[in-house]
Amino acid sequence: MKDKKREIEGYLRIIDEIEKVRTKNNVNWMDVLRLAFKHSPEEAKKLMKIIDHEDNRISELVKKLSE
């Protein structure tokens, strides 16, 4: 039982690290987004539409995994 608990704690530490990295990277992503809309708003809108479409596809796939 101790080994299982230690294994779970290890997973949770890794997840915490991923969360920290993602938080920093999300700030960078938002900075790039601001830059795109500042310098080329029409192209940025087109790209955001594509990104949104692909994000929706990912969400649908995740739903399939969680059924």
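Biologist: By about how many helical turns are E42 and K45 separated in helix α2?

Modeller: The model is a predicted one. The side chains of E42 and K45 meet in a salt bridge, at 3.4 Å from N to O. K45 counts as partly exposed because its relative accessibility is 46%. E42 and K45 are 3 residues apart in helix α2, so their separation is about one helical turn.

Biologist: How many helices and strands are there in the protein?

Modeller: Helix α1 covers residues 2-39, and helix α2 covers residues 41-65. The protein has 0 strands, and its helices number 2.

Biologist: What is the orientation of α1 and α2 to each other?

Modeller: Two packed helices are described by the angle between their axes and the distance between the axes. Here α1 and α2 pack with their axes 6 Å apart, at an angle of about 135 degrees. An angle over 145 degrees would count as roughly antiparallel, and 65 to 115 as roughly perpendicular. The two helices are therefore oblique.

Biologist: How do the residues of the contact of α1 with α2 divide into nonpolar, polar and charged?

Modeller: From α1, the contact includes W29, L33, A36, F37, K38 and H39. They meet P41, A44, K45, M48 and I51 in α2. The division is 8 nonpolar, 1 polar and 2 charged.

Biologist: Which residue meets R34 in a salt bridge?

Modeller: Side chains of opposite charge can pair when their charged atoms come close. R34 counts as exposed because its relative accessibility is 53%. With an N to O distance of 3.1 Å, the partner of R34 is D31.

Biologist: Is D31 buried, partly exposed or exposed?

Modeller: Buried means under 20% relative accessible area, and exposed means over 50%. D31 has a relative accessible area of 42%, so this residue is partly exposed.

Biologist: What is the N to O distance in the salt bridge of R57 and E54?

Modeller: R57 and E54 are 3 residues apart in helix α2, so about one helical turn separates them. R57 counts as partly exposed because its relative accessibility is 48%. E54 is also partly exposed, with a relative accessible area of 32%. The distance from N to O is 2.9 Å.

Biologist: How many salt bridges does a search of the whole structure find?

Modeller: Among them are the pair R34 and D31, the pair E42 and K45, and the pair R57 and E54. The search of the whole structure finds 5.

Biologist: What radius of gyration does the protein have?

Modeller: The C-alpha trace spans about 55 × 30 × 5 Å along its principal axes. Of the 67 residues, 4% count as buried. A compact globule of 67 residues would have a radius of gyration near 11 Å, but the protein has 18 Å.

Biologist: What distance separates the C-alpha atoms of K2 and E43?

Modeller: K2 is found in helix α1, and it counts as exposed because its relative accessibility is 66%. Along the chain, K2 and E43 are 41 residues apart. The separation of their C-alpha atoms is 55 Å.

Note on methods
Residues numbered from 1 in each chain as written. Predicted model: local features only at pLDDT ≥ 70, side-chain atom pairs only at ≥ 80, totals over all residues. Heavy atoms only, no water. Axes fitted to C-alpha atoms, helices over the stretch in contact; angles between N-to-C directions. Helix = DSSP H or I, 4+ residues; strand = E, 2+ residues; numbered from the N terminus. Parallel < 35°, antiparallel > 145°, perpendicular 65-115°, else oblique. Contact = heavy atoms within 4.5 Å. Nonpolar A, V, L, I, M, F, W, Y, C, P; charged D, E, K, R; others polar. Salt bridge = Lys/Arg side-chain N within 4 Å of Asp/Glu carboxyl O. Buried < 20%, exposed > 50% of the residue type's maximum accessible area, 1.4 Å probe, protein only. Rg over C-alpha atoms; globule rule 2.2 N^0.38 Å.
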